Amino acid sequence: CLYTKTLSDGQIIRILLYVDDLCIGGKRAAVDEFKAALKAEYDVTDHGPVTSYVGIEFTRNREARTGFISMKKYTQKVIANFGMANCNAVNTPYMYVLGNDSEWDTQPTESSEVTFMKTQPYRSMVACLLWISHNCRSELTFTVKKLSRHYNNPSRKHLEFAKRVLAYLHGTLDKGIVVNRSGRADYLKLEMYSDSDWASDKETRKSTSGVMALVNDTLISWKTVGQKSVALSTMEAEYVALCANAKEAMYQRSLLSEFGYPQKESTVIYEDNDPARLLSKDPKFHSKAKHIDISMHFTRDMQEKGFITVVACYTGAMLSDYLTKFVEYAALTYLAAAASGYLPIPSPDRKDAALVKSQKQSSKKRVRKGSDKFVSNAKENGLVEESKNRVSWKKNSGAIPPSRMWINEDPRL
């Protein structure tokens, strides 16, 4: 729970409460006054400036005014608890094969498999992965959602998939969210990225929505949401996803206003589907959209009132793309790195903004091909240079050196 308290001198502090753990934010004098009042009434332990809270670790660089959020210690503990401490690390949380994800929907075929799975800690494993993906590892969100669908009746394949996620975490323990200093210090600018994957559920043919929110180019909220009705077109699926993003935008605007940062401008929602974007602005009758539930027109209403603005975005620069589907290795690493602050946010109106384009490889091209594509695109965009058969990051190119990259280092970098 989040509480706000106004002290006698008018200063405001905010208290984040989880069971008996408090995280207090505000001016130093106000925080000290509140802690003194608590100590006078209760037996409390003061841990000083926050370094960890409910498994989330915080580090700060006050000179550069940047921060970093991760869950390294918690993740290490989870990996060890499930016997994966000595596993071989992998580059992605899933094995990408274009158009072939049918194994994710398999059910146990024999009673012996059901009996075996009852002895495995699958539920605990998925619950831990949910907590990690919810707090600082957005690139796990779609994979963990697929795993959680089989929470009560998993197969051996699902156990293998869950263990692969742990193997991926084992190789990316130091990754998290970089809190960069961007924009004005006295104003927090909220932006949203909306995406969907049409008819992605092979059983129900329902679509998936991706919701992503950034404040001053720092990732603050993300989720993968299954749509409740069957969309008849990609436009409809994207329009429903827009509604989910509009609702999240209104919530975040309200929360920022309570924190003392009211949004003076309309919140931009980036959308890569032109028909959905145009429908959100045009109140005229459309024969192909007359069946869409009236609640989905919430986006249009909020846009007319000036709270949000739906802006066109090139598909290759859509940061929330990996929240709605399995994307190839190069797309996942680039988009996740950009969303999490390791790389600059791509420009939505430039077709060469993203280094990679998702869903362009045939089903026979695997991870290594994705790595080749990543390197070749980096060359084309002037981020790397080649000399004596070796590729290295070009200085002052704006790219993050491999040691800070989201992915495990390519052996050629």
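The coordinates discussed here belong to a predicted model. Within helix 4, the buried positions are Tyr 122, Met 125, Val 126, Cys 128, Leu 129, Ile 132, Ser 133 and Asn 135. Two of these, Met 125 and Leu 129, are in contact with Leu 166.

Gln 120 sits in the loop that joins helix 3 (111–118) to helix 4 (122–135). Its relative accessibility is 24%, and Gln 120 is therefore classed as partly exposed, since the buried class requires a value under 20%. The side chain of Gln 120 forms a polar contact of 3.2 Å with the side chain of Thr 119. Pro 154 lies 34 residues from Gln 120 along the chain, and the C-alpha atoms of the two are separated by 9.9 Å.

**Overall composition**

The protein contains eleven helices and 14 strands. Of its 413 residues, 46% count as buried. Among contacts between residues at least 6 apart in sequence, 68% join residues at least 24 apart.

**Nonpolar cores**

The largest nonpolar core comprises 59 residues, and the members that touch the most others are Leu 147, Leu 166, Leu 169, Met 212, Leu 319 and Tyr 322. Leu 166, one of these, is in contact with Val 78, Ile 79, Phe 82, Met 84, Met 125 and Leu 129 when neighbours within four places in sequence are set aside. A second, separate core holds 23 residues, including Ala 244, Ala 246, Leu 279 and Met 302.

Ala 246, from this second core, belongs to helix 7 (residues 234–258). Its relative accessibility is 0%, and Ala 246 accordingly counts as buried. Beyond four places in sequence, Ala 246 is in contact with Ile 269, Phe 298, Thr 299 and Ile 308.

**Aromatic pairs around Phe 326**

The count of aromatic pairs comes to five. In one of them, the ring centres of Trp 104 and Phe 326 are 5.1 Å apart and the planes meet at 35°, so the pair is tilted. This pair links distant parts of the chain: Trp 104 is in the loop between helix 2 (72–81) and helix 3, while Phe 326 is in the loop between strand 12 (308–312) and helix 10 (329–339), 222 residues away. Both Trp 104 and Phe 326 are buried.

Phe 326 also pairs with Phe 142 in an edge-to-face arrangement, with 4.9 Å from centre to centre and 80° between the planes. Here too distant parts of the chain are linked, as Phe 142 lies in helix 5 (residues 141–148), 184 residues from Phe 326. The relative accessible area of Phe 142 is 6%, and this residue is therefore buried; at 12%, Phe 326 is likewise buried. Tyr 94, Trp 104, Phe 142, Phe 161 and Phe 326 together form one aromatic cluster.

**Thr 224 and its surroundings**

Phe 142 is also touched by Thr 224, a residue of strand 10 (residues 218–226). With a relative accessibility of 15%, Thr 224 counts as buried. Apart from residues up to four places away in sequence, Thr 224 touches Thr 141, Phe 142, Lys 145, Thr 208, Ser 209 and Leu 323. For Leu 323, the backbone oxygen lies 2.6 Å from a polar atom of the Thr 224 side chain. For Thr 141, 83 residues from Thr 224 along the chain, the C-alpha separation from Thr 224 is 6.7 Å.

**Cysteines and accessibility**

A search of the whole structure finds zero disulfides. Cys 23, at 22% relative accessibility, counts as partly exposed, whereas Cys 313, at 6%, counts as buried.

| Residue | Relative accessibility | Class |
|---|---|---|
| Cys 23 | 22% | partly exposed |
| Gln 120 | 24% | partly exposed |
| Thr 224 | 15% | buried |
| Ala 246 | 0% | buried |
| Cys 313 | 6% | buried |

Technical notes:
Residues are numbered from 1 along each chain as its sequence is written. This is a predicted model: local features need pLDDT of at least 70, side-chain atom pairs count only at pLDDT 80 or more; totals for chains, interfaces and linings use all residues. Side-chain values use heavy atoms; hydrogens and water are left out. A disulfide is a pair of cysteine sulfur atoms within 2.5 Å. Buried means under 20% relative accessible area, exposed over 50%, partly exposed in between (1.4 Å probe, protein chains only). Helices (H or I, at least four residues) and strands (E, at least two) are DSSP runs, numbered from the N terminus. A polar contact is a pair of N or O atoms within 3.5 Å; within protein, one must be able to donate a hydrogen and the other to accept it, and residues adjacent in sequence count only if both atoms are side-chain atoms. A nonpolar core is a set of buried Ala, Val, Leu, Ile, Met, Phe, Trp, Tyr and Cys residues joined through side-chain atoms within 4.5 Å. Contact means heavy atoms within 4.5 Å. Rings of Phe, Tyr and Trp (its six-membered ring) pair if their centres lie within 6.5 Å; planes under 30 degrees apart count as stacked, over 60 as edge-to-face and the rest as tilted.
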